[in-house]
Amino acid sequence: DLFEGDESLGKGTSRLKGNVCFKHKGALMYCDSAYLYQLTNSLDAFGSIRILQGDSIRLTGKFLRYDGNSGIATVSEDVLLTDRDMNLKSESLTYDLNTGTASYLTGGVLTDPKNELRSKRGFFYSASRRATFRDSVSLSNPNYFIKADSLSYLTSQSRALFTGPTHIFSTGNDSTRIYCENGFYDALREISVFKFPNKIYSGTKTLSGDSLNFNNKSREGRAYGNVLVKDRKS
């Protein structure tokens with residue numbers, strides 16, 4: 001609604017107010033007001049930030065700093081990134097318009113219809129719909145709770161990939177607990193596959209092997225290769 005030059009803020013600086021929209025690298029960026037720095041091809045935007053890219057990416061917040069040369073957008077305050085049925089919340093998030101990659105370093109929460117993931121650091125790749133979480137990672141749903149150092153999550157398949165020390169706790173009435181360092185959990189089929197080293201703890205019994213399969217629906221675990229069963233009662 002208003003576009004005016006403001007040399008007091010620097011040479012080539014313009015002020016924009018009211019229903020502001022920028023278009024760059026195939027994305028639309030909306031805000032209430034902004035400063036456009038033409039010499040550096042960058043901008044600062046304020047209030048009701050909304051970035052739309054492609055058919056599904058929507059990024060909102062209250063403050064935007066955008067570098068047109070690199071295509072990097074940094075959004076802060078009440079940030080929400082939405083991609084189809086996935087929502088990613090954080091207080092500060094960096095989004096690369098070139099690659100469709102989002103990252104946060106100060107804590108974030110990803111949710112989909114089945115799961116909630118929390119971590120201090122995270123990366124989301126919109127092209128593959130894959131998210132990678134590091135540092136104090138937790139994943140929870142009505143059937144189990146997972147704590148890990150690092151974890152990858154395929155949002156399109158609701159599949160978690162374990163790539164480090166991981167502890168899985170049942171949230172049901174039984175006391176089943178699983179430890180692994182390499183494997184995956186398929187939330188759609190509710191099955192897990194764990195490579196060595198691994199252990200399933202159930203009551204007084206412990207099961208381990210070169211490979212472990214666990215069915216969350218039937219509560220049945222199967223081990224293959226170098227199988228070891230221990231019972232503290234025996």
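Helices (H or I, at least four residues) and strands (E, at least two) are DSSP runs, numbered from the N terminus. The loop between β17 (183–186) and β18 is where E190 sits. What you're looking at is a predicted model: local features need pLDDT of at least 70, side-chain atom pairs count only at pLDDT 80 or more, and totals for chains, interfaces and linings use all residues. Residues are numbered from 1 along each chain as its sequence is written, and side-chain values use heavy atoms, with hydrogens and water left out.

E190 isn't a glycine, yet its phi is positive, and so is the phi of E77, another non-glycine. Buried means under 20% relative accessible area, exposed over 50%, and partly exposed in between (1.4 Å probe, protein chains only).

| Residue | Phi | Relative accessible area |
|---|---|---|
| E77 | about 70 degrees | 43%, partly exposed |
| E190 | about 60 degrees | 17%, buried |

E77 belongs to strand β6 (residues 72–83). Further along, a cis peptide bond, with omega about 0 degrees, links F196 to P197. P197 is in the loop between β18 (191–195) and β19 (198–202).

What lines the largest pocket? A pocket here is an open set of points on a 1 Å grid over the protein atoms alone, where a 1.4 Å probe fits, with protein on both sides within 12 Å along at least five of seven lines; lining residues have an atom within 4 Å of a point. Among the lining residues are T176, I200, F214, R219 and V229. Strands β19, β20 (205–208) and β22 (220–224) each give two or more residues, and β20 gives the largest share, three residues.
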